[in-house]
Every structure is written in C-alpha cells, then in structure tokens.
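This report describes a helix pair, a pocket and some backbone features in turn. Please keep the structure in view while reading.

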Amino acid sequence: MFNILAITNRHICTDDFFTQLEKICSANLKISSLKKSSSMLSSLKIVLREKDLCETDYKKIAEKVFKICKIHNTDCILHTYYNAAKELNCDNIHLPFNIFKNHPNISNKFKCVGVSIHSIDEAIEAEELGAGYIIAGHIFPTDCKKDLPPRGLSFLSSVCSSVNIPVYAIGGISPSNAQSVLNAGAYGICLMSSLMKCKNPNEYLNSFSDSF
C-alpha cells in the first residue's frame with residue numbers, strides 16, 4: 001500500500017487549474033471506492049501549495065479548492081499560510097522547515113503539521129518539534145530543480161531510518177521508480193508536475209498500482 005500527496009502548481013496545468021483538480025479528486029474517489037485488494041493506492045490528499053500568491057489571494061483559491069475536495073471526499077492540506085488555514089477551519093497545514101522551526105508551538109494548533117526537509121538533521125528536528133509527517137527531497141532528477149543534483153535513494157533511506165513519523169518522497173517520482181522509493185522506507189510519494197499535466201489522472205494514478 002502507498003499514499004500520495006498531490007502537490008499543486010497551477011502554472012503548469014495544461015488544463016484549467018480547477019478542472020484539473022476536479023479530475024484528480026474524481027480519480028481519487030473512484031480508486032477509493034474500489035474494494036479490490038489489488039488496488040495498491042491507500043490514499044490521496046491534495047496539498048494546495050501556490051506559494052507565489054499573497055495570503056489574501058491564496059485564501060480565495062483555497063475556498064474553491066475546499067469545495068472541490070469536499071465533493072469528492074478528498075482531504076485538502078493547506079500550505080505556508082497557517083493563519084488562513086485557521087480562518088478556513090482547516091485542521092492540516094504543510095510548512096517549509098524554516099517557518100515551522102520559527103513557530104515551535106504551531107503543531108499544537110493543528111491536527112497535523114507536515115514539514116518539508118532537505119537534510120537528516122532537519123528531519124530529526126522536525127519530528128522533535130512535533131511534525132506529523134515530513135516531505136524529503138528531491139530524490140530523482142526533476143525539471144523543477146534542474147540546477148540542483150538529486151539527493152537520491154540513500155538520502156531517503158537515511159531519513160526514513162532516522163525518524164519515527166511518515167516520510168513522503170518528492171522529486172522525479174514516476175511509476176517506474178515508485179517501488180524503489182517505498183523499498184527505501186518511504187510511507188508515500190509526492191506528485192506535482194506529472195499529475196498537474198496529465199490528461200487522465202485516473203489512468204495515471206492507476207499506473208502506479210499496476211507497476212507493483
């Protein structure tokens with residue numbers, strides 16, 4: 001079984017952003033409704049990233065995304081703007097490591113706080129400060145970080161063995177390498193570019209199950 005965090009990026013969608021989210025959430029609902037043991041996908045959650053927006057504009061988009069996610073019974077995690085998250089009664093927030101570290105009591109204000117980390121030390125500190133899960137990357141080469149070398153599976157394995165909270169891997173993950181990520185100890189995977197751009201999210205998500 002594996003879990004997916006769908007990280008949004010409205011700038012790279014080939015379709016309308018909200019239409020693409022509808023497709024992704026609809027695919028999640030279809031997969032979740034399957035009662036077949038052959039379905040390897042355990043859960044999919046939307047992480048509304050969109051960090052280029054100011055908090056006011058982010059909140060407006062978040063309200064629309066919440067409605068889409070609710071219709072399709074898909075969890076939505078807000079990103080960075082914790083005040084907006086509280087105003088929208090969102091129980092889950094994902095934060096960059098520096099923001100999380102500078103607000104050590106923020107984990108008490110949410111049901112779950114996820115944190116992005118880029119080193120083993122950050123992973124350990126995030127757990128100590130109360131993170132519910134972490135995202136570690138980037139693992140494989142990715143167009144999003146062309147100028148930065150990937151940290152690789154050995155880094156992922158070291159992170160997973162250093163903490164006792166779920167670790168999601170991010171960066172260049174595809175059906176062809178997802179199994180190696182899980183073998184390294186990851187609880188789940190993050191998808192952004194591939195999922196934002198694909199024409200048929202249902203088919204694409206099912207391709208992960210088929211690859212195992």
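Helices (H or I, at least four residues) and strands (E, at least two) are DSSP runs, numbered from the N terminus. The model is predicted, with local features requiring pLDDT of at least 70 and side-chain atom pairs counted only at pLDDT 80 or more, whereas totals for chains, interfaces and linings use all residues. Residues are numbered from 1 along each chain as its sequence is written, and side-chain values use heavy atoms, with hydrogens and water left out.

**Backbone**

Most residues other than glycine have a negative phi, and most peptide bonds are trans. Two places in the model are listed below.

**Helix pair**

Helix H5 (residues 120-128) packs with helix H6 (residues 152-162) at an angle of about 25°, their axes being 9 Å apart, where axes are lines fitted to C-alpha atoms, for helices over the stretch in contact, and angles run from 0 to 180 degrees between N-to-C directions. H5 and H6 are therefore roughly parallel to each other, a term for angles under 35 degrees. In contact (heavy atoms within 4.5 Å), Ile120, Ala123, Ile124 and Glu127 of H5 meet Phe155, Ser158, Val159 and Ser162 of H6.

**Largest pocket**

A pocket is an open set of points on a 1 Å grid over the protein atoms alone, where a 1.4 Å probe fits and protein lies on both sides within 12 Å along at least five of seven lines; lining residues have an atom within 4 Å of a point. The largest pocket has 34 lining residues, of which Cys144, Lys145, Ile170, Gly171 and Met192 lie nearest its centre. Strand E6 (133-137) is among the elements that each supply at least two residues of this lining, and E6 gives the largest share, 3 residues.

Definitions and conventions
Angles under 35 degrees count as roughly parallel, over 145 as roughly antiparallel, 65 to 115 as roughly perpendicular and the rest as oblique.
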